[in-house]
Amino acid sequence: MWRGRCRRLLLGCAPRPAPGVPKGTGGGRGYAPPAERKRFYQNVSISQGEGGFEINLDHRKLKTPQAKLFTVPSEALAIAVATEWDSQKDTIKFYTMHLTTLCNTALDNPTQRSKGQLIRAAVKFLETDTVCYRVEEPAALAELQKNEWDPIVAWAEKRYNVAIGSSTSIMGPNIPASTRDTFSSHLASYNMWALQGIEYVITQLKSLILSMGLIDRHITVEKAVLLSRLEEEYQIQRWGKVEWAHDYDLCELCARAAAGTLFVHLCSESSTVKHKLLQD
């Protein structure tokens, strides 16, 4: 294919924290992949502090890779993160803890980006959006793209009252300035935490349009991932799959997209969860 894609692991962590401080994980930028670590705690709980909700591993408070107190803005998000830590067995597998990763990135902001920079980075994905780039041949793939991608583009154009279009040119479609401005204004309505999650989803799906459809609950995680992998799935149908590799890639992408979407919704959730899930 003239336009291949690769899926890259975007998780990581900072250098080794101080003794006794749990090693956290960060977003795709600024942190190197951590090694697995033997589980060193028995119980996980949450508590409310001055800066938000905290995660406790036994009697120690969780810290970020930059040694900041790990605090999240909502109880629902705290419970979700605590569940990640509680679900680890004998070995802590940091690469499975996507919500912890996103929280670390939001708290440490390793690249020191502002809200405006996050928004501009997200909107810039329109220039190379997966669903906007089409092929002319083979005809079967061109027809598949038209049937599967046109509806989500049409939805986005109607939902946001913008013009997007598609192109078979390697230069991509000509996105009007008004479309960029509209998406910028829409993204500005989200807080910094949510924007970190939105960018994370976009980088997984390689598409702002699919990401907004997912976050707006217009399409499911499974559908969004399938649409983002349309060319790969077409090739698999023709040539077969590499045993375990394609399935792993698909499951991992679904997990990351789902975690990012959940993060966007939970990071601004302010309601109190009356029955804590960890008290079972």
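Hi everyone, let's start with one glycine. Leaving out residues up to four places away in sequence, G260 touches L102, G197, Y200 and V201, where a contact means heavy atoms within 4.5 Å. Before going further, a word on what we are looking at. This is a predicted model, with local features needing pLDDT of at least 70, side-chain atom pairs counted only at pLDDT 80 or more, and totals for chains, interfaces and linings using all residues. Residues are numbered from 1 along each chain as its sequence is written, and side-chain values use heavy atoms, with hydrogens and water left out.

Back to our glycine. G260 sits in helix α10, residues 245–266; helices here are DSSP runs of H or I with at least four residues, strands are E runs of at least two, and both are numbered from the N terminus. Is G260 buried or exposed? G260 is buried, with a relative accessible area of 0%. For that word, buried means under 20% relative accessible area, exposed means over 50%, and partly exposed lies in between, using a 1.4 Å probe and protein chains only.

Q196 brings us to a helix pair. In α6, the residues M192, L195, Q196, E199 and I202 meet K115, L118, I119, A121 and A122 of α3. Those contact residues comprise 7 nonpolar, 1 polar and 2 charged. In this count, Ala, Val, Leu, Ile, Met, Phe, Trp, Tyr, Cys and Pro are nonpolar, Asp, Glu, Lys and Arg are charged, and the others, Gly among them, are polar.

How do these helices lie? The axes of α3 (residues 115–124) and α6 (residues 192–205) come within 10 Å and cross at roughly 25°. Axes are lines fitted to C-alpha atoms, for helices over the stretch in contact, and angles run from 0 to 180 degrees between N-to-C directions. The two helices are therefore roughly parallel to each other; the cut-offs are under 35 degrees for roughly parallel, over 145 for roughly antiparallel, 65 to 115 for roughly perpendicular, and oblique for the rest.

Now a second pair. Helix α4 (residues 139–160) packs against helix α7 (residues 208–215) at an angle of about 70°, with the axes 10 Å apart. So α4 and α7 are roughly perpendicular to each other. On the α4 side the contact uses I152, W155, A156 and Y160, and on the α7 side I209, L210, M212 and G213. That makes 7 nonpolar residues, 1 polar and no charged.

A156 counts as buried, at 0% relative accessibility. Apart from neighbours within four places in sequence, A156 is in contact with N161, V162, I164 and I209. Its C-alpha atom is separated by 8.2 Å from that of M212, 56 residues apart along the chain.

Finally, the whole chain. The secondary structure comes to 10 helices and 6 strands, and buried residues make up 49% of the 280 residues.

How much confidence does the model carry? The mean pLDDT, the predictor's confidence in each residue from 0 to 100, is 84, and 81% of residues reach 70 or more. Confidence is highest in α7, at 98, and lowest in helix α9 (residues 230–239), at a mean of 82. Two stretches call for a mention: pLDDT stays under 50 over residues 1–30 and over residues 271–280.
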